[in-house]
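Student: I am new to this structure and would like to learn how to read its features one at a time. Could we look at the model together?

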Amino acid sequence: MNQFACLLLFLVAIVAATPVLPENPPKFTKPSKTVAGNQPVGNGELTANVWVEHKNQTSLNILFGRTDVFSGHGQPLKLGRVKVTFSPDISITSFIQELDLITATVYITINENVFISVWSDATSLSSSDSLQVDIASDLPVSATIQFTPWRTEYLPSQDDSAIGRGPCLPDHPDLGTPLQADEFLKISNTEIGIFYKSNYSIFAETLEQQMCGELLDSLTDPLKSRISGALLSGGKSKSTLDDRSQISPSSTFHNFTISTFTSVNELNETPQTLFDNLDLRSPSNRPAHIRWWANFWSRSWFKMTPRNDNTTLTTALNSAFTLNRYLSAIQGRSNLPIHHNGGGVTWGWNGSTHENPDLRPWAGGYWFQNTRLLYYHALATGDVELLTPLFKMYHDQLPVLEARSKAWFGHGGATFAETSYFFGGYEGVDYGCDRFDVPEAKSPYIKRYYQGGIELSFMMLEAFKFNGDLELLRNTSLPFIFSMLTFYDEHYMKIDATGAMLLNEAQALETWPNCTNDASQVSGILSVCEAILELLSSPSTPLDLFSDSHKEFFTRVCATSPLPKIPLNTTTSLTVIAPCDGGFPTTNHVNSENTETYAIWPYQLFAINRSGEKDFPNQVGLDTFDNAMFGHDNTAWRYDAIQSAVLGRGGDAFSFMEDRVLNQGTCENSTFSAYLANDWGDGAPQLESNGIVSLTLQKTVVQTDGRRILLFPAFLNDLYDVEFQLYMPGDLASGAPAGEIRVKTEDGIVSELLVTPPERYADVEIM
């Protein structure tokens, strides 16, 4: 690619400011037979699956939920379902349903004379959020709008008990999650409500069982008083038939609103009082909503065009990138992170049925290894605010995580749980349902799996490099990072012969249960310390960001005391990263993740962008990847595509991505392409697949090293042209600011290049 480097010397960067707008996914030209034929809308908290069925009669169906709806057993739930029917019935002769990405609106046209729109105001994000539905027709019809619940009685089995993920219950631990039935309320002659409130909470028994009961006097039970509901309302012409349905009389226009809320009802107010007092009736602001989405789409984009006839792949990859951003935006601005196993757009598919929309593979805990894959892409797309709920949830867990360290190990810091309820307790099935006051988890997969805490620390520091949010860094990220490094400093106090920290009796992810200095955690500690030291010495760091005691602590742990080295395994022919000191463990592995490749990604120590560093030669990364003990796979959470791009292996990266977007199918054979994949085991839909593809595409076109900006480190520019706008991190060491880079190629040659701020032009290198 030397011609690119030559061209850069002469390139004049005059680029139009017009963004590349997203292309809508294919239209649906037939109504759906089931919920699988839905398209999603949302405002960042409230999400809804929208579809039309035409069975005995035509019906508009909306399955809706919020990220913060939970049963008393900590299981995420959908909130409700609405069905709209018409009189006279609408016999469908032509049909179009389209998701308009620019306005985040589902538009439905039936017979060219019935027009439906469904959207949720992106600017009304709060504890109560609403969905707007408008129905216009050339001829007058009446509309019946009704809640169609599935939680109609006490349900004893609501989780994925087939994989053994039921929570601990004192009387019948193997039956799954008991759920209360939904309750309904006639609020007025034109309003009805649905609400869910559990009569039970696992919060106290979880903390007591896991030796953290001392916190109960200082923490509010987030499940016991939680109530979630929805208000169905419309114009004054509507009349309430009963506590579950309304009728809108014959007219050429109908509109109604579904206003949702979740409240931790510490005052124990009645549902009627909550419906009256909460702000559920504020009008939506369509112009502001459209402006919000216009700003969102103008931040970043990625569009490939083939220089051959392979439009199928480029269309699928472009769509995956765009729809991943869309799915993240409509459900990722809540008080809690997106659940990896279907998020807010799941509809309960378990491989054979979707009768229970609450069902999720692997139940309701947050699994960090999976959840992170929904978030890394947001750094370079400029959507860093989507990371705030993730950071905030784990920061808010610190009282539980630190009490656990004290009770279990007698030292400070945060003991991170790989699988946890949102309040920080281990999922019951992983801690062990039949155990009390035992200072470790029972599950061999996550018994001493603490790596997620150090990786989250790394993500927090990366986010600061991209957005420079000092308030988030000061109040959320640094307290978490301090607690995590305190754990490592005090938990692994045994010192090796060189005086370095020794991670003895550690666990390498879910794979190696007894490991010394595993590559995954050592890589994380080195990467976090590198960023912390850069932050401490950066000329742009405010003097009051670190207290004297924190500055002294970080300096001692990361600079004064020797850090462990990444384990290597050297033979006569090559050197590779080893999972642990001493090479590959002789004990049995309990899973099959290539733990040694964490030094390639997520930590990017052995990578093409650091190929000039003697301590981390890229060839070691390449040889490690090629000789990975468990080979390579491309399903569910597996991130081989990302690592290929990080290593500069564009051919491998594109091969992995092609398999994901073209060969894995969609959830329940959905016609909405972003609902990957037909393997429902890691989530239905499998949201992590979209995140993996999006991040891989980013890494093929831009990687950074300090202030260096490397273009096309793994892109196949001999096959494809590309137009993109992405964000790049600042460099803490030199003080180089974060910025944006916009590039367009034609026939493999860079035709447009815009870098902001302009001072970063000098940092661009075309590979």
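Tutor: Let us begin with a definition: a disulfide is a pair of cysteine sulfur atoms within 2.5 Å. Please keep in mind throughout that this is a predicted model.

Student: How many disulfides does the structure hold?

Tutor: In general, a disulfide is a covalent bond between the sulfur atoms of two cysteines. The structure here holds two disulfides. One is formed by Cys 515 and Cys 580, whose sulfur atoms are 1.7 Å apart, and the other joins Cys 529 to Cys 558, with an S to S distance of 2.2 Å.

Student: Which parts does the pair Cys 515 and Cys 580 tie together?

Tutor: Cys 515 lies in strand β18 (residues 512-515), while Cys 580 is in the loop between β20 and α14, so this pair ties together parts that are 65 residues apart in sequence. The torsion about the S-S bond of Cys 515 and Cys 580 is about -120 degrees, and therefore the disulfide is left-handed. Both Cys 515 and Cys 580 are buried.

Student: And where do Cys 529 and Cys 558 lie?

Tutor: For the disulfide between Cys 529 and Cys 558, the torsion about the S-S bond is about -65 degrees, so this disulfide is left-handed. Cys 529 lies in helix α12 (residues 519-537) and Cys 558 in helix α13 (residues 548-560), so the pair ties together parts that are 29 residues apart in sequence. Both Cys 529 and Cys 558 are buried.

Student: What is the average pLDDT of the protein?

Tutor: The protein averages a pLDDT of 91, and 93% of the residues score at least 70. Over residues 157-164, however, the pLDDT is below 50, although this stretch has 23 contacts in the model beyond near neighbours in sequence. Residues 170-176 also have a pLDDT below 50, and that stretch has ten contacts in the model beyond near neighbours in sequence.

Student: How should I read a sheet, and what is the order of the strands in the open sheet of four?

Tutor: The general idea is that strands of a sheet pair through backbone hydrogen bonds, either parallel or antiparallel. In this structure, an open sheet of four strands runs in the order β14-β23-β24-β25, with antiparallel pairing. The edges are taken by β14 (301-306) and β25 (749-756), each with a single partner strand, so one side of each is left without a neighbour in the sheet. Neighbouring strands of this sheet are turned by 10 degrees against each other on average, direction ignored. Within the sheet, strand β23 (residues 720-728) and strand β24 (residues 739-746) pair in the antiparallel sense over six bridges, and the bridge partner that Gln 725 has in β24 is Arg 742.

Student: Is helix α14 largely enclosed by the rest of the structure or left open, and why?

Tutor: Seven of the nine residues of helix α14 (residues 618-626) are buried, so the helix is largely enclosed by the rest of the structure. Among the buried residues of α14 are Asn 618, Val 620 and Phe 625, and what covers the buried residues of α14 includes β19 (568-570), β20 (575-577), α15 (640-646) and α16 (650-663).

Student: Is Lys 465 buried or exposed?

Tutor: The reasoning needs a cut-off, since buried means under 20% relative accessible area. Lys 465 has 17% relative accessibility, so Lys 465 counts as buried. Lys 465 lies in helix α10 (residues 451-467), where a polar contact of 3.1 Å joins the side chains of Lys 465 and Glu 462. Not counting residues up to four places away in sequence, Lys 465 touches residues including Ala 531, Glu 534 and Pro 729.

Conventions: Residues are numbered from 1 along each chain as its sequence is written. This is a predicted model: local features need pLDDT of at least 70, side-chain atom pairs count only at pLDDT 80 or more; totals for chains, interfaces and linings use all residues. Side-chain values use heavy atoms; hydrogens and water are left out. pLDDT is the predictor's confidence in each residue, from 0 to 100. Contact means heavy atoms within 4.5 Å. Two strands pair if DSSP finds at least two bridges between them. Helices (H or I, at least four residues) and strands (E, at least two) are DSSP runs, numbered from the N terminus. Axes are lines fitted to C-alpha atoms, for helices over the stretch in contact, and angles run from 0 to 180 degrees between N-to-C directions. Buried means under 20% relative accessible area, exposed over 50%, partly exposed in between (1.4 Å probe, protein chains only). A polar contact is a pair of N or O atoms within 3.5 Å; within protein, one must be able to donate a hydrogen and the other to accept it, and residues adjacent in sequence count only if both atoms are side-chain atoms.
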